[in-house]
Amino acid sequence: MSEAITEFRIDVPDTELADLHRRLDATRWPRQLPGEGWQRGVPVAHLRELAGHWRHGYDWRGWEARLNTYGQFVTTVDGLEVHFLHVRSPEPDALPLLLTHGWPNSFVEFTELIGPLTDPRAHGGDPAQAFHVVVPSLPGFGFSAAPTEPGFSVARVGRMFAELMRRLGYDRYGVQGGDLGAYVAPEVARADPAHVAGVYVTGGLGIPTEADLPELDDAERAFHHQMQQWFGVGVDHHGLLRAAPQTFSYGWQDSPVGLLAWMMHKFKEFTWTADVPEKAIDLDLLLTNVAVWWFTGTSGSSSWFMYDTTAFAWPQGQDLVPTGVYSGSPGIRRIAEKRNRIVHWPEENPGSHFVAMDEPYAYAADLRTFFAMVR
């Protein structure tokens, strides 16, 4: 099996960019349904404004050039071509760090984080806490090849990413993950515990289930009930993509406004620090993520971890190497410690679900804090 690593560069053809513009111009807009604000979903007037900016104000070529300033590569691992960024720090003793993105995101999630991590000296940080950064595109996302058969798993991705780090020559490295990455990152440690210094997750560990209720105190039980009510609001994307991902992918593949509406709806639910996501995350950064999904046609293939499951389950973590958590709540540390060696568990860090996008400096600082403990 070839272990060749090949340089990669994003170069969307002019014809595809023109096709995107044509489809945006030809959008068949629905009528606004009765209701207030986002009660029925993304408001028509709001989405028209965002789509208008995507068509007339957003500069894909500028963002494409920015993404191409990072070293990008592809290599075949376990029969699938994996795309990844590899950005080495100017600090020679930097710790290698694998960053694992979530859904519905892409490697674009870490655009604002890479600089503070690789070159803290230039961003007001301690150069002794620098990282060499590796950012793979998960299989079926972005420029990585999609799974070709059912039964693909986060454990398999963990083994693939451990092999990628071996192939890059890294004997000791850290792993980060949030959202889907919070499932994948512990699997990297399971696959390669001798070389993983620690696993850092954004959150999701220690979320109580019905089986945990007897050991909860009254306040925790009340909070668990409230949390269940929160989860009953909004679109259950796990249920939707478990049931019929192929059906929904036709619309997202064919209509850029349909894809934009879906993505903005989910980011609205995930960005609880603002009334609309673009108030917390730069709009052009959000559009760059949507554009990567559009140009790669991965709205269907990215759902593999949902359509091959029977029910939603929170990440469990691992106990082979130390674990750090960016923000513990709404998880309960003692529940997480049943399956994890927790050494870092702050409660009040700022940010929303995709914290690397809305609070990159706070996230970088906390990453440094954890890995200073385990490196």
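1. His238 sits in helix H8 (residues 237–243); helices here are DSSP runs of H or I, at least four residues, numbered from the N terminus. His238 is buried, with a relative accessible area of 16%. Buried means under 20%, exposed over 50% and partly exposed in between, using a 1.4 Å probe and protein chains only. Leaving aside residues up to four places away in sequence, His238 touches Phe305, Met306 and Phe312. Contact means heavy atoms within 4.5 Å.

2. This is a predicted model: local features need pLDDT of at least 70, side-chain atom pairs count only at pLDDT 80 or more, and totals for chains, interfaces and linings use all residues. Residues are numbered from 1 along each chain as its sequence is written, and side-chain values use heavy atoms, with hydrogens and water left out.

3. In helix H1, Leu17, Leu20 and Leu24 are buried. Seen down the axis of H1, the buried residues fall within an arc of 55°, so they line one face. The arc is taken from the directions from the helix axis to the C-beta atoms. Asp14 and Thr15, on the other side of H1, are exposed. The buried residues of H1 pack against helices H2 (44–56), H3 (60–67), H10 (256–270) and H11 (283–296).

4. The axes of H5 (residues 154–167) and H6 (residues 180–191) come within 7 Å and cross at roughly 60°. Axes are lines fitted to C-alpha atoms, for helices over the stretch in contact, and angles run from 0 to 180 degrees between N-to-C directions. H5 residues including Phe161 and Ala162 meet H6 residues including Tyr183 and Val184.

Key:
Helices (H or I, at least four residues) and strands (E, at least two) are DSSP runs, numbered from the N terminus.
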